[in-house]
Amino acid sequence: MAGKTRVFVSLNGDFAMTPALVVVKDGATFEEFLAKCAQKLKLPEKKFTRCFYMSNAAEIDDPEDLMPDDKLFVSEGEDYKQKADGFLSGGLSALASGASTAYSAASTYAKSKMSEETRKKFEDAEAKAAAQLTPMYEKVKEVTAPAVEWTDKKLEVASEKITEKKKEFMASETGVYLQEKVMKPASEKSKELFTLASAELKKASAKSKDQMGSLGEYMNNVKTKMGQEWDEKLAPAVKAMYEQAKENAKQTGEKLKEQGERLQKTWHEEVEPVLREKMNGAKSDAKEKDPAFGMQEEDDDLDDVTLIEPSEQE
C-alpha cells in the first residue's frame with residue numbers, strides 16, 4: 001500500500017447503514033486504523049479490535065493488506081455477523097442496528113457537552129446498563145431465534161406463492177385483457193396528459209424569467225386543456241409537477257436532467273392508477289349495459305374514453 005488508501009467501514013453486521021469513509025495512511029498500525037474507524041463512525045467510545053471484509057467475512061489484521069474502496073466491518077471482538085436475509089429477521093436487524101447507531105450518535109454528542117465529572121458518571125451508568133442488559137438481550141435473541149426463523153420461512157413461502165399467483169393471473173385471459181385494455185391505455189394516456197401539463201408549465205414559466213405564474217392559474221389552465229379528461233384525483237400530481245418545476249428552475253446540467261426524470265416518474269406513479277380506475281370503471285359500466293360487451297374483437301378501441309384531440313392541445 002503506497003501513500004493513502006480509501007476504504008468504507010461499517011459496524012459489524014450492519015449491512016443497511018451508510019458506511020464511513022476512512023483514509024488510511026501508509027505505515028499506519030492496525031490499532032491506529034481501528035481508532036480512526038471509531039472516529040469516522042462517530043463512535044469514539046468503541047474499542048474496535050477486529051476487522052472483516054464485508055463480502056466474504058475474511059479477517060484483516062494488517063492495514064498493508066487493504067485495497068482502495070474495500071468495504072469492511074469492524075467489531076469489538078465478536079465474530080463476523082452474517083446478513084439477516086429473512087423478512088422478519090432482516091427487519092428486526094435493521095431496526096436494532098438503526099436504534100443502536102442513533103443512540104451512539106446521540107450519546108457521543110451529549111457527552112461532548114458535559115463536564116468531565118458528569119461525563120464520567122454518565123459513562124459509568126452506560127457501562128453498568130450494558131453489563132446488565134447485554135446478557136438479557138443475547139438470551140432473548142437465543143430464545144426467539146427459532147420462532148423468527150420459522151416466521152421467515154413462512155413469509156418467504158407466502159411471498160413466492162403471491163408472485164406465482166400474480167404471474168398466473170397476468171397470463172390468464174382476464175390478466176391479458178386488463179393489460180391490453182386498461183394498463184397500456186392508462187400508461188399511454190398518462191404520457192399524453194404529462195405532455196399537456198408540461199406544455200402549460202412551460203407557458204407559465206415563460207411569462208417571467210424571475211417568477212412563475214401562480215399555482216392556481218396553472219391548475220385552471222390544465223383543467224381547461226384537459227376538458228372531460230380532468231379528474232380531481234389528478235390535482236395532487238399536477239400540484240407536485242408545479243412545485244418540482246419551481247425547484248428545477250434553480251438547477252442546471254445533470255442535476256436538472258435527474259430532477260426532470262424524477263418529475264416524470266412521480267407523475268406516472270400518481271396518475272396511472274387514477275386512469276386505470278377510471279377506464280376499468282367505464283368498462284364495467286359498459287358491460288352492465290351490454291351483456292355482449294367483452295366478447296368484442298381484441299382490437300376494439302376504448303370508445304367510452306374520450307381522448308384529447310390534437311387541435312385542443314394547441
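Which pattern does the chain follow, read along the sequence? Colour the model by secondary structure and trace it from the start. The pattern is β-β-α-β-β-β-α-α-α-α-α-α-α. That makes eight helices and five strands. Keep in mind that this is a predicted model.

**Stop 1: the whole chain**

Show the surface. The chain has 314 residues, and 30% of them are buried. The accessible surface comes to about 20600 Å². Carbon and sulfur atoms account for 55% of that surface.

Now think about contacts. Take those between residues at least 6 apart in sequence: 60% of them join residues at least 24 apart. The next two stops show pairs that link separate parts of the chain.

**Stop 2: an aromatic pair**

The structure holds four aromatic pairs. Select F52 and Y80, which form one of them. Turn the view until you see both rings. A pair of aromatic rings is described by the distance of the centres and the angle of the planes. Here the centres are 5.9 Å apart and the planes make an angle of 70°. This pair is edge-to-face.

Where do the two residues sit? F52 lies in strand β3, residues 50–53. Y80 lies in the loop between β5 (71–75) and α2 (87–112). The two are 28 residues apart in sequence, so the pair ties together separate parts of the chain.

The cut-off for buried is under 20%.

F52, F73 and Y80 form one aromatic cluster.

**Stop 3**

How many salt bridges does the structure hold? There are 14. Stay with strand β3 and the loop between β5 and α2, and select R50 and D79. Their side chains meet in a salt bridge, 2.7 Å from N to O. R50 is in strand β3, and D79 is in the loop. They are 29 residues apart, and the pair links distant parts of the chain.

Compare the two ends on the surface. D79 is exposed, with a relative accessible area of 55%. R50 is buried, with a relative accessible area of 19%.

R50, E59 and D79 are linked in a network of salt bridges.

**Stop 4**

Move along to helix α3, residues 116–171. Select E116 and R119. Their side chains meet in a salt bridge of 2.6 Å, N to O. Why are they separated by about one helical turn? Because they are three residues apart in the helix.

Check how much of each is accessible. E116 is exposed, with a relative accessible area of 54%. R119 counts as partly exposed, at 23% relative accessibility.

**Stop 5**

Go on to helix α4, residues 173–206. Select E180 and K184. They are four residues apart, about one turn of the helix. Their side chains meet in a salt bridge, 3.0 Å from N to O.

K184 is partly exposed, with a relative accessible area of 46%. E180 also counts as partly exposed, at 37% relative accessibility.

**Last look**

Zoom out and show two selections together. One is the aromatic cluster of F52, F73 and Y80. The other is the salt-bridge network of R50, E59 and D79. Strand β3 holds F52, and R50 is in strand β3 as well.

Methods
Residues numbered from 1 in each chain as written. Predicted model: local features only at pLDDT ≥ 70, side-chain atom pairs only at ≥ 80, totals over all residues. Heavy atoms only, no water. Buried < 20%, exposed > 50% of the residue type's maximum accessible area, 1.4 Å probe, protein only. Contact = heavy atoms within 4.5 Å. Areas by Shrake-Rupley, 256 points an atom, 1.4 Å probe, with all protein chains shown as cover. Phe/Tyr/Trp six-rings, centres within 6.5 Å; stacked < 30°, edge-to-face > 60°. Salt bridge = Lys/Arg side-chain N within 4 Å of Asp/Glu carboxyl O.
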